[in-house]
Amino acid sequence: MQVSSALLISALLGTALAAPSPVQTKGHAVTLDLIAGQGSANGGMNFNGGAKGNRTFTVPLGSQVTIKFTNMGTLAHSFVIRKGGAAPTDADATDAVFPAAYAPARVEVGIKSGMHQQVTFTAKRAGSYYIVCGVPGHAMAGQYIRLMISKTAKVASFQ
Ligand SMILES: [Cu+2]
């Protein structure tokens, strides 16, 4: 019993250290830790290590979504939640599908390395969206991942 408990704890700690979850769900409140420039994937032009739509945040329809945006990269970055469909080639604040679903105010400028911004909006329309960097050239370079607003999901996830 003691050995298996130790193994279980070790396995849980290993998982936590390797990949802390960037999502939290508390009732209708969802928090997403959105990190620009996390590691070297796609030359740093990534969100949470994802690029070109290969990672997806999913949130339940109707969630109050708080995005804690951090720039861990070397270049300036921003984000805009914009419509899904064809791969995005750019994004500015007017593309945001919900009020406040972008940061910073000047998405073409972005925030510098090591900086944070936080926004909250309501995920009031189900569907498939992109999270896109609005700094010129970054979307073209593939700095976008997906946001799914789901009628069936009960909790937020990232995969
Ligand atoms: Cu960027």
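Predicted model: local features only at pLDDT ≥ 70, side-chain atom pairs only at ≥ 80, totals over all residues.

Me: Where does T56 sit?

Reply: T56 is part of strand β3.

Me: And is T56 buried or exposed?

Reply: T56 counts as buried, because its relative accessibility is 18% and the cut-off for buried is under 20%.

Me: What about V59, where is that one?

Reply: V59 is in β3 too, a strand that covers residues 56-60. V59 has 0% relative accessibility, so it counts as buried.

Me: What does V59 touch, apart from its neighbours within four places in sequence?

Reply: Its contacts are V30, L32, V65, A123, L147, M148, I149, S150 and A156. M148 is on that list, and M148 is also touched by T56.

Me: How far apart are the C-alpha atoms of V59 and T31?

Reply: They are separated by 9.5 Å, while along the chain the two residues are 28 apart.

Me: OK, zooming out. How many helices and strands are there in the protein chain?

Reply: One helix and ten strands.

Me: What share of the residues is buried?

Reply: Of the 159 residues in the protein chain, 43% are buried.

Me: What share of the contacts links residues 24 or more positions apart?

Reply: That would be 71%, taken over the contacts with a separation of 6 or more.

Me: Back to the strands. Which order do they have in the open sheet?

Reply: The open sheet has four strands in the order β1-β2-β4-β7, and the pairing is mixed. From one strand to the next, the twist averages 15 degrees.

Me: Which strands stand at the edges?

Reply: β1 (23-26) and β7 (116-122). Each has a single partner strand, so one side of each has no neighbour in the sheet.

Me: What holds strands of a sheet together in general?

Reply: Backbone hydrogen bonds pair them, and the pairing can be parallel or antiparallel.

Me: Changing topic: what's going on with the backbone at A103 and P104?

Reply: A cis peptide bond joins A103 and P104, with omega at about -5 degrees. P104 lies in the loop between β6 (102-103) and β7.

Me: What's the phi of N42?

Reply: About 55 degrees, which is positive although N42 is not a glycine. N48 also has a positive phi without being glycine, near 50 degrees.

Me: Where are those two?

Reply: N42 lies in the loop between β2 and β3, and N48 lies in the loop between β2 and β3 as well.

Me: Is N48 buried or exposed?

Reply: N48 is buried, with a relative accessible area of 7%. N42, on the other hand, counts as partly exposed at 28% relative accessibility.

How values were computed
Residues numbered from 1 in each chain as written. Heavy atoms only, no water. Buried < 20%, exposed > 50% of the residue type's maximum accessible area, 1.4 Å probe, protein only. Contact = heavy atoms within 4.5 Å. Pairing = 2+ DSSP bridges. Axes fitted to C-alpha atoms, helices over the stretch in contact; angles between N-to-C directions.
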